[in-house]
Amino acid sequence: PRPPWFNQALDQILVEDGALLLTAFPRAEADKPHPDMYERAVLRKPQQKAFGVTVDLWSIGVTLYHAATGSLPFVPFGGPRRNKEIMYRITTEKPAGAIAGTQRRENGPLEWSYTLPITCQLSMGLQNQLVPILANILEAEQAKCWGFDQFFAETSDILQRGVVHVFSLPQAVLHHVYVHAHNTIAIFLEAVYEQTSVAPQHQEYLFEGHLCVLEPSLSAQHIAHTTASSPLTLFSMASEPPKGQAFRDPALDVPKFVPKVDLQADYSTAKGILGAGYQALRLARTLLGGQELMVRGLHWFQLSSAHGRLPNLGPCFHLLKLTSGLPVLFFAGVLRPAGSSEGSNPRLRLGRRILCPFLTSVSTLPSRFSGVAGVSELQELKRTTELRSRLRNLAEVLSRCSHNITETQKTLSDLRSELVKNRDQVHEDRSIQQIQCCLDKMYLTYKQFKKSRMRPGLGYNEEQIHKLDKMNFSHLAKRLLQVFQEECVQKYQASLVTHGKRMRLVHETRNHLRLLGCSVAACNAEAQGAQESLSKILDRLSHQLLQDRTQGAPASPPPTAPYPSSALKDLVLHMQELYGEMKVLASDLQDNNRIIEGPGSQAALAPEAHRPLACPAGVMTGVHCPGL
């Protein structure tokens with residue numbers, strides 16, 4: 001016997017976001033018979049089977065499928081009423097795991113489906129939770145069918161989950177990820193991987209314009225609250241063409257009016273057309289929202305890239321920002337092209353005053369002291385010349401890096417201007433209002449058809465008005481679908497193409513910046529090595545000079561000397577000055593390293609004019625967000 005709560009359970013169906021809504025189907029239509037009951041009640045075949053809970057669970061499964069998709073799961077060619085034997089075959093021969101079966105042509109093969117159709121309005125995340133339930137309650141054999149305890153345990157599990165909205169920027173698709181609050185973020189990342197095919201280690205997230213580092217060990221309740229209009233934005237280094245929102249064209253489901261006046265048929269046709277119109281309205285809102293998420297996500301990513309907030313990009317953009325002042329980058333300024341100007345940057349001029357004398361002094365040491373006889377400093381001076389060559393090469397590399405990063409910033413700035421322009425165009429779109437206006441007029445005509453179908457007949461004048469209403473209704477439907485195709489679908493498809501090009505540009509730019517980051521790190525290490533080499537040269541020269549002075553004190557001075565006695569003193573003093581300058585350079589290099597390695601300083605260097613305009617203040621609890 002049916003449990004006492006059966007009627008209430010039958011009326012409650014699972015829909016998006018875990019809500020429970022009342023089904024719009026009458027009890028007689030929702031309670032589609034189990035194959036055993038169909039055999040007995042429809043095919044009129046006697047049997048001695050007892051009906052258990054599988055009969056009720058079968059009816060619940062059909063109701064859930066109908067509510068989620070708008071169609072029945074088992075449909076023979078010509079419909080279940082015309083083809084009863086095939087209908088019975090579909091329900092009894094259904095393979096394990098299948099949730100729907102269809103015969104598309106007369107005497108054709110049976111086609112099985114293991115997923116919900118494209119017309120299903122549930123998110124893919126909820127579909128993944130619902131399909132296993134349907135597969136286990138749409139079972140004709142009692143041994144394979146779930147019981148009520150397991151059915152309600154599984155449905156309750158879904159209701160206890162929270163939804164996290166994730167917009168995949170590479171795919172241009174909005175995903176709904178269902179997780180328990182007690183689950184770890186690692187489980188959430190795996191769930192995202194199942195829907196997006198982006199491995200957890202390659203997932204990078206932005207939320208409201210800020211980089212979000214999700215710690216896998218934390219619980220999922222620490223993830224920020226998201227909505228369909230304010231999701232987590234997922235970015236990955238995997239390059240793939242954007243898929244976009246998959247949908248079925250509502251025009252394929254629009255019925256046509258019969259030429260003659262048939263009040264019942266006209267009412268049914270108007271109802272079908274109106275339903276397709278509302279489906280077009282829903283899709284138009286989804287497509288427009290997808291365009292906004294694409295533009296907004298790329299805009300945020302561009303801002304984070306330009307400010308060096310993304311992983312592995314900080315050193316590159318620090319090079320760009322520190323070119324005007326940090327001494328490690330003044331090497332690039334020493335080799336200024338002929339005719340170029342230092343401009344009004346005082347820090348650049350200061351760097352030239354430090355490094356230019358330094359390199360000039362290093363270059364003149366061999367010529368100034370090459371004539372000193374009897375000293376072994378010449379070998380050290382030769383090494384100093386080699387060191388000068390290394391520093392010159394280092395300056396050229398840093399100059400190229402600085403130039404490349406400047407060009408990259410210009411590219412990102414141009415992309416930002418395009419994105420701002422596109423965002424304004426999306427906000428100014430009026431296609432939704434046009435579709436809604438057509439639907440409002442169509443609904444008034446539909447109400448009139450609904451009222452007229454109850455009448456036995458129409459007079460001549462009323463019949464002419466009815467024909468005119470049919471023409472106007474058809475014209476409005478045509479206009480609605482035209483707006484949907486031209487203003488929504490075509491613009492959305494064009495935006496997907498543009499989004500794919502921009503994503504390729506972003507990938508190329510990011511890979512280029514990673515290579516520049518490696519070059520900057522190598523230059524930094526080379527500069528530190530040059531400082532250490534010069535320090536050793538100075539130590540050896542000072543030691544040699546001191547040793548020569550000590551050994552030559554008792555002896556009489558030579559009759560002639562190529563240089564006055566003050567030459568050695570000048571050499572020592574000059575080398576000490578150079579050593580002091582290199583110590584300053586070494587200190588600045590260490591400061592530069594600390595700045596580059598410190599993620600917290602990146603946001604501080606970002607110019608205020610380039611900060612996001614609509615980013616919320618504060619840090620999400622339990623989620624590390626550098627730069628906030």
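Guide: The lining of the second largest pocket draws at least two residues from each of helix 6, strand 7 (173–179) and helix 9 (263–306). Helix 9 provides the largest share of that lining, with ten residues. The model in view is a predicted one, and in it this pocket holds about 1,000 Å³ of space. Its lining comprises 39 residues, and those closest to the centre of the pocket are Val173, Leu174, Gln245, Ala246 and Thr286. By class, the lining of the pocket consists of 16 nonpolar, 16 polar and seven charged residues.

One contributor to this lining, helix 6, also packs against another helix. Helix 6 (residues 124–137) and helix 7 (residues 148–159) have axes 11 Å apart, and the angle between the two is about 175 degrees. Because angles over 145 degrees count as roughly antiparallel, helix 6 is described as roughly antiparallel to helix 7. On the side of helix 6, the residues in contact are Leu126, Gln129, Ile133 and Ile137, and in helix 7 they meet Phe151, Glu154, Thr155 and Ile158. Sorted by class, the contact between helix 6 and helix 7 has five nonpolar residues, two polar residues and one charged residue.

The whole structure contains eleven aromatic pairs. In one of them, tryptophan 58 and phenylalanine 74 are stacked, at 5.4 Å centre to centre and with 20 degrees between the planes. Tryptophan 58 belongs to helix 4 (residues 53–69) and phenylalanine 74 to strand 3 (residues 74–75), so this pair ties together parts that lie 16 residues apart in sequence.

Methods
Residues numbered from 1 in each chain as written. Predicted model: local features only at pLDDT ≥ 70, side-chain atom pairs only at ≥ 80, totals over all residues. Heavy atoms only, no water. Axes fitted to C-alpha atoms, helices over the stretch in contact; angles between N-to-C directions. Helix = DSSP H or I, 4+ residues; strand = E, 2+ residues; numbered from the N terminus. Parallel < 35°, antiparallel > 145°, perpendicular 65-115°, else oblique. Contact = heavy atoms within 4.5 Å. Nonpolar A, V, L, I, M, F, W, Y, C, P; charged D, E, K, R; others polar. 1 Å grid on protein atoms, 1.4 Å probe; cavity = no way out; pocket = protein on both sides within 12 Å on 5 of 7 lines; lining within 4 Å. Points joined across faces, edges and corners; volume = space filled by probe spheres on them. Phe/Tyr/Trp six-rings, centres within 6.5 Å; stacked < 30°, edge-to-face > 60°.
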